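I opened my notebook to keep track of what I look up in this one.

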Amino acid sequence: MIRVLIADDQEMVRAGFRMILETQDDIEVVADVADGVSAVRRARELRPDVCLLDIRMPGMDGLEVTKSLAGPGVPDPLKVVVVTTFDLDEYVHTALSNGANGFLLKDAGPALLLEAVRAADRGDALVSPQITVRLLKHFSTANATAPAEQTTEPLTERELDVVQAAARGLTNTEIGTELYLSLSTVKTHLAAVQAKIGARNRVEVAAWAWRTGLMTGGGN
């Protein structure tokens with residue numbers, strides 16, 4: 001059972017998300033709160049599997065909540081998906097740099113919401129398709145702090161293939177199909193890459209690929 005916390009200052013949004021999530025046999029909403037301070041408190045009390053956070057909330061905004069629950073230096077980070085009306089590069093960049101596992105627009109639809117929750121729970125990441133590639137290109141010029149630019153050891157040719165596919169926004173299943181790899185092999189390659197470049201998740205792997213020039217013919 002995937003235990004989910006919802007934080008949004010609009011009661012109708014919280015009710016709508018709860019209704020969508022609770023139609024699923026494998027998902028349970030353990031709390032819904034209307035402000036950022038309550039989100040941090042309840043998340044630390046309940047330790048949900050996934051936190052769905054709005055950005056614009058009273059007390060603390062969703063970006064600060066994300067940093068408090070999943071950011072660099074948090075010893076036992078929670079999984080966070082930021083869900084917002086606002087498709088702004090700086091929001092997406094900050095959310096993911098602060099440790100979010102995904103970034104979803106509120107108009108993405110029920111299917112994508114469920115997919116994002118399940119992806120976050122299994123340690124994957126999902127970003128709304130309409131902003132994925134634009135977002136990742138944004139990382140290529142942004143002065144992001146993580147992950148580190150230097151690898152502890154060179155990436156193998158297959159690892160580079162997987163990284164490039166991830167940086168194009170492909171899911172693990174799509175990467176496997178494209179590269180003729182099993183799902184477990186894709187996950188193994190991604191885990192190895194994360195260890196080599198100091199990334200915490202696949203989003204940081206993709207960001208690293210764009211920032212280091214790997215997607216434009218340069219880099220590692």
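Below are my entries, topic by topic.

**Ground rules**

I'm working with a predicted model, where local features need pLDDT of at least 70, side-chain atom pairs count only at pLDDT 80 or more, and totals for chains, interfaces and linings use all residues. Residues are numbered from 1 along each chain as its sequence is written, and side-chain values use heavy atoms, with hydrogens and water left out.

**The sheet**

I began with the strands. Helices (H or I, at least four residues) and strands (E, at least two) are DSSP runs numbered from the N terminus. I count two strands as paired if DSSP finds at least two bridges between them.

What order do the strands of the open sheet take? I read E2-E1-E3-E4-E5-E6, six strands with parallel pairing. E2 and E6 (126-127) stand at the edges with a single partner strand each, so one side of each has no neighbour in the sheet.

I then looked at two of the pairs. E1 and E2 run parallel over six bridges, and Ile-6 has Asp-32 in E2 as its bridge partner. Between these two strands the chain passes through helix H1 (residues 11-21), and this β-α-β crossover is right-handed. Right-handed means that, with the strands pointing away from the viewer, the path from the first strand over the helix to the second runs clockwise. E4 and E5 are also parallel, joined by four bridges, and Thr-84 is partnered with Leu-105 in E5.

**The cores**

Next I looked for nonpolar cores (sets of buried Ala, Val, Leu, Ile, Met, Phe, Trp, Tyr and Cys residues joined through side-chain atoms within 4.5 Å). For burial I use relative accessible area: buried is under 20%, exposed is over 50%, partly exposed is in between (1.4 Å probe, protein chains only).

The largest core has 28 residues, and Cys-51, Leu-53, Leu-69, Val-80 and Phe-103 touch the most other members. Elements giving it two or more residues include strand E1 (2-7), strand E2 (27-33), helix H4 (89-97) and strand E5 (102-105). I picked Leu-53 and listed its contacts (heavy atoms within 4.5 Å). Leaving aside neighbours within four places in sequence, Leu-53 meets residues including Leu-5, Ala-39, Val-65 and Val-80. Another core, of 22 residues, lies apart from the largest one and has Leu-181, Leu-190, Ala-199 and Ala-206 among its members.

**Asp-54**

I checked the record for this residue. An unreviewed UniProt entry annotates Asp-54 as "modified residue: 4-aspartylphosphate". UniProt positions are in the numbering used here, feature names are shortened, and annotations may be inferred rather than shown by experiment.

Is Asp-54 buried or exposed? At 4% relative accessibility, Asp-54 is buried. I find Asp-54 in the loop between E3 and H3. Not counting residues up to four places away in sequence, Asp-54 touches Ala-7, Asp-8, Asp-9, Gly-62, Val-83, Thr-84 and Lys-106.

**Salt bridges**

Side chains of opposite charge can pair when their charged atoms come close. My cut-off for a salt bridge is a side-chain nitrogen of Lys or Arg within 4 Å of a carboxyl oxygen of Asp or Glu. How many salt bridges does this rule give? I get twelve.

I wrote down three of them.

- Arg-47 pairs with Asp-76, with the closest N and O atoms 3.0 Å apart. They sit 29 residues apart, in distant parts of the chain. Arg-47 is partly exposed at 35%, and Asp-76 is partly exposed at 48%.
- Lys-196 pairs with Glu-153 at 4.0 Å between the closest N and O atoms. This pair spans 43 residues, with Lys-196 in helix H9 (residues 183-197). Lys-196 is buried at 8%, whereas Glu-153 is partly exposed at 44%.
- Arg-168 pairs with Glu-178, the closest N and O atoms being 2.8 Å apart. Arg-168 is in the loop between H7 and helix H8 (172-179) and Glu-178 is in H8, so the pair ties together parts ten residues apart in sequence.

I also noted a network, joined by salt bridges with shared partners: Arg-14, Arg-18, Glu-22 and Asp-32.

My last stop was Leu-179, which lies in helix H8 and is buried at 12%. Leu-179 touches Arg-158, Asp-161 and Val-162, not counting residues up to four places away in sequence. Val-162 is one of the buried residues of H7. Just after H7, Gly-169 takes a positive phi of about 95 degrees.
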